[in-house]
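Reader: I'd like to learn how to read a structure like this one, feature by feature. Can you walk me through it?

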Amino acid sequence: MQNENRKVLLTIKDVKQYFPVKKTKLREKQRYVRANDGISLEIYEGETLGLVGESGCGKSTFGRTLLQLYPQTHGDVIYHKDGKDIDLKKLSKEQMRVLRKDLQLIFQDPYSSLNPRMTVGQIIGEGLVSHGIFKKGDPAMQEYIFRVMENCGLATYMFGRYPHQFSGGQRQRIGIARSLALNPAFVVCDEAVSALDVSIQSQILNLLSELKEKQNLTYLFITHDLSVVKYISDRIGVMYLGNMVELAPTEELFANTLHPYTEALLSAIPVVDEEDKRERILLEGDIPSPVNPPSGCKFHTRCRYCQQKCKEEVPQWTNVGNDHYVACHFPLHKNNG
Amino acid sequence: MGKGRYLLKRFVYIVFVFFIISILMFAIYKSMPGNPVDIMLGDSKTSMKPDAYQALYDKTVKDLGLDKPLPVQYVAWMGNMLTGEFGYSTQYKQEVINIISAPMINTVLLNILTMIVVFIIAIPLGIVTAVRKNGAFDKTVQVVTIVGYSIPTFIVALLAIFLLAVKFPIFPISGVKSAGLNATGVEYVLDRLWHMALPVLVMSVSGIGGITRYVRAAMIDVLRMDYIKTARAKGLREKTVVYIHAFRNALIPVVTITTWWVVGLFGGSIVIESVFLWPGLGKMLIDGLLQRDFAVVLTMQMFYVVLSLTGNVIMDIAYTIVDPRVRLED
């Protein structure tokens with residue numbers, strides 16, 4: 001209800017991403033891993049949308065599907081650019097390639113995501129040449145790369161070095177410099193700080209927030225680390241087994257948790273103060289298989305409030321006010337609603 | 001500084017290994033049964049009087065230096081070897097250096113041409129099959145290459161001769177050039193190439209099979225890497241992603257096989273040379289062995305030793321060129 005005039009950057013409608021499972025028997029029916037099973041949301045310009053969930057719930061797949069790095073199974077991803085609505089799914093490969101300038105990705109693993117045969121200068125400069133921002137060998141390009149490197153906290157003498165000569169934090173900075181050099185509008189940060197140790201994490205998070213202010217970026221921040229997401233996000237989405245179960249502004253989500261899964265997740269954030277110790281909700285069992293998800297509400301097998309209805313009916317994705325969405329038959333008690 | 005010291009170290013090592021192997025080879029060949037002098041003098045034994053023959057025999061032994069103790073013979077042989085005197089062939093009754101160049105040229109020509117054909121076909125094929133992994137084209141190529149790789153060369157050779165020289169006489173059955181041809185220039189080159197076509201074809205079959213699979217495996221490994229996704233996410237053209245980002249990283253295994261192939265350029269194939277009556281090094285070596293022509297055999301063996309030892313160093317240097325992470329240090 002706040003900020004009615006926020007500009008929508010991306011509209012995501014019922015996105016599904018299935019991956020075929022290798023058949024073990026000859027005449028077996030083709031089965032699929034339902035990595036994303038119908039996700040709808042809007043991403044506003046200039047916001048940081050945090051996406052949390054446990055391993056294997058499809059967060060990374062969602063980020064990559066948005067950027068059309070996988071052939072999207074179903075649904076629409078509409079990118080609103082200069083008043084035009086572009087459905088990314090319908091673009092040809094070449095049209096999508098051109099749009100990648102605007103839609104960038106920062107990878108999780110700074111060790112494997114940089115080509116070991118290329119220098120830092122080549123890694124950053126290649127995209128610039130490919131998108132025609134600079135001509136190959138343009139002396140102004142080096143100046144520009146130097147500036148980007150400095151913005152990302154890299155010294156210019158590192159220009160001619162190879163990725164293996166850097167530490168993890170520096171490599172992640174290279175990855176960030178690489179994606180931001182293109183001046184994108186939207187960046188998917190796919191577990192961008194998970195591989196780094198805590199002191200470096202905060203440096204990189206601060207760098208990302210700083211750059212966001214400077215370049216008016218929009219982030220989709222994918223992570224499993226709730227303290228990170230709380231620190232950086234304007235809104236948080238919670239995913240479970242390929243579905244979005246709750247989405248709310250950060251303050252609202254922490255103050256007014258509605259979904260039992262979110263409640264369990266939040267209870268797992270470590271606290272420093274002994275006095276403040278909350279009840280830790282332990283989820284029993286493993287995450288069910290996304291090939292053969294449970295009926296009804298997918299979370300019912302592990303939900304401590306589970307009732308008969310949950311096993312039979314799929315809960316609707318509903319707006320409960322305050323920009324707060326949830327998919328649950330029996331949302332938790334609202335404190336101040 | 002690291003590079004220079006490393007190369008110096010490797011050089012010392014090569015010299016050391018070279019001498020050890022030379023002693024071993026010399027010892028082995030000297031202990032082989034059969035008397036080279038008898039074979040060299042051949043028919044004279046029956047046609048000459050025993051006394052005269054014995055005199056001739058002793059003289060030959062003395063000329064060849066075979067009457068001296070083995071260590072002395074070794075030192076003399078090694079000294080000659082190092083100064084470019086490769087000895088006297090008892091079989092051809094000529095200096096080794098004079099008889100070895102013609103077959104070497106034949107072999108090297110054949111191998112270079114095969115190598116070019118194999119690389120031109122196998123590398124793009126390997127890349128394309130890796131990109132379209134598990135597609136119909138890939139699966140077909142997989143079957144064809146494993147068949148090509150597994151069939152023994154002589155069968156491929158006989159099949160090729162039957163089809164392309166007998167049924168449809170497009171290429172000559174054997175030989176190096178047309179008999180009595182007195183052409184020069186372009187015509188001569190074309191005639192040589194025409195004669196090389198079949199042996200090159202046959203040798204390429206197994207080469208293409210092996211290298212295609214090798215390149216495909218290396219490329220599949222690389223295409224799985226995250227930095228390939230980075231390259232795509234950057235918005236690079238798919239061609240750039242595959243040929244620049246991926247292939248450069250798949251080069252290490254390719255460099256390994258290329259180097260061994262270059263070393264192998266000088267090794268003849270006995271099967272191919274016998275089937276196509278191609279006077280090359282393979283035939284030279286086997287004839288030399290059968291005739292106890294130690295000067296020829298030892299010279300060739302030592303040449304191969306030097307070649308593979310330097311091949312290793314060349315490979316190390318090539319690694320540093322294709323992969324900046326590889327450093328030549330001790």
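Reader: Let's start where the chains meet. How many residues does the contact take from chain A and from chain B?

Author: Keep in mind that this is a predicted model. The size of an interface is often given as the accessible area lost when the parts come together. Here we go by residues: 21 come from chain A and 18 from chain B. On the chain A side, the elements giving two or more residues are β6 (103–106) and α3 (120–130). α3(A) gives the most, with 3 residues.

Reader: How do the residues on the side of chain A that touches chain B divide into nonpolar, polar and charged?

Author: That side has 7 nonpolar, 8 polar and 6 charged residues.

Reader: Now inside chain A. Into which domains is it divided?

Author: Domain 1 is made of the pieces 8–23, 31–102 and 184–326, and domain 2 covers 115–183. Their C-alpha centres lie 29 Å apart. In the contact, 12 residues of domain 1 of chain A meet 12 residues of domain 2 of chain A. Helix α6 (residues 198–215) of chain A gives the most to the domain 1 side, with 6 residues. By class, that domain 1 side has 9 nonpolar, 2 polar and 1 charged residues.

Reader: And what does the domain assignment give for chain B?

Author: Domain 1 is 2–96 and domain 2 is 105–290. The C-alpha centres of these two domains of chain B are 37 Å apart.

Reader: Next, helix packing. At roughly what angle do the axes of α10 and α11 of chain B cross?

Author: The general idea goes like this: two packed helices are described by the angle between their axes and the distance between the axes. For α10 (residues 226–234) and α11 (residues 238–249) of chain B, the axes come within 10 Å and cross at roughly 145°. The crossing is right-handed. α10(B) brings B:Tyr227, B:Ile228, B:Ala231 and B:Arg232 to the contact, while α11(B) brings B:Val241, B:His245 and B:Ala246. Sorted by class, that is 5 nonpolar, 1 polar and 1 charged.

Reader: What about cores? Which residues have the most contacts inside the largest nonpolar one?

Author: That core has 112 residues, and the ones with the most contacts inside it are A:Ala177, A:Cys189, A:Leu220, A:Phe221 and B:Met219. Helix α9 (residues 185–223) of chain B gives the most to this core, with 13 residues. Another core, of 15 residues, lies apart from it, and includes B:Ile99, B:Leu281, B:Phe294 and B:Leu298. Back to B:Met219: beyond four places in sequence, this residue touches B:Gly126, B:Ile127, B:Ala130, B:Ala246, B:Phe247 and B:Ala250.

Reader: Let me try a loop residue. Is A:Ser233 buried or exposed?

Author: Count its neighbours. A:Ser233 has 22 C-beta neighbours inside 10 Å, so it counts as buried. The residue is in the loop between α7 (226–232) and β9 (235–240) of chain A. Leaving aside neighbours within four places in sequence, A:Ser233 is in contact with A:Thr48, A:Leu49, A:Gly50, A:Phe221 and A:Thr250.

Reader: Last one, backbone angles. What is the phi of A:Asp82?

Author: A:Asp82 has a positive phi of about 45°, although it is not a glycine. The place of A:Asp82 is the loop between β4 (74–81) and β5 (84–87) of chain A. With 5 C-beta neighbours inside 10 Å, A:Asp82 counts as exposed. B:Leu277 also has a positive phi of about 45° without being a glycine. B:Leu277 lies in the loop between α13 (270–275) and α14 (281–290) of chain B, and counts as exposed because it has 11 C-beta neighbours inside 10 Å.

Definitions and conventions. Residues numbered from 1 in each chain as written. Chains lettered and ligands numbered in written order. Predicted model: local features only at pLDDT ≥ 70, side-chain atom pairs only at ≥ 80, totals over all residues. Axes fitted to C-alpha atoms, helices over the stretch in contact; angles between N-to-C directions. Helix = DSSP H or I, 4+ residues; strand = E, 2+ residues; numbered from the N terminus. Left-handed = near helix turned anticlockwise from the far one by under 90°. Contact = placed C-beta atoms within 7 Å. Nonpolar A, V, L, I, M, F, W, Y, C, P; charged D, E, K, R; others polar. Domains from an automatic or database assignment. Core = buried A, V, L, I, M, F, W, Y, C linked by C-beta atoms within 7 Å. Buried ≥ 20, exposed ≤ 12 C-beta atoms within 10 Å, placed from the backbone.
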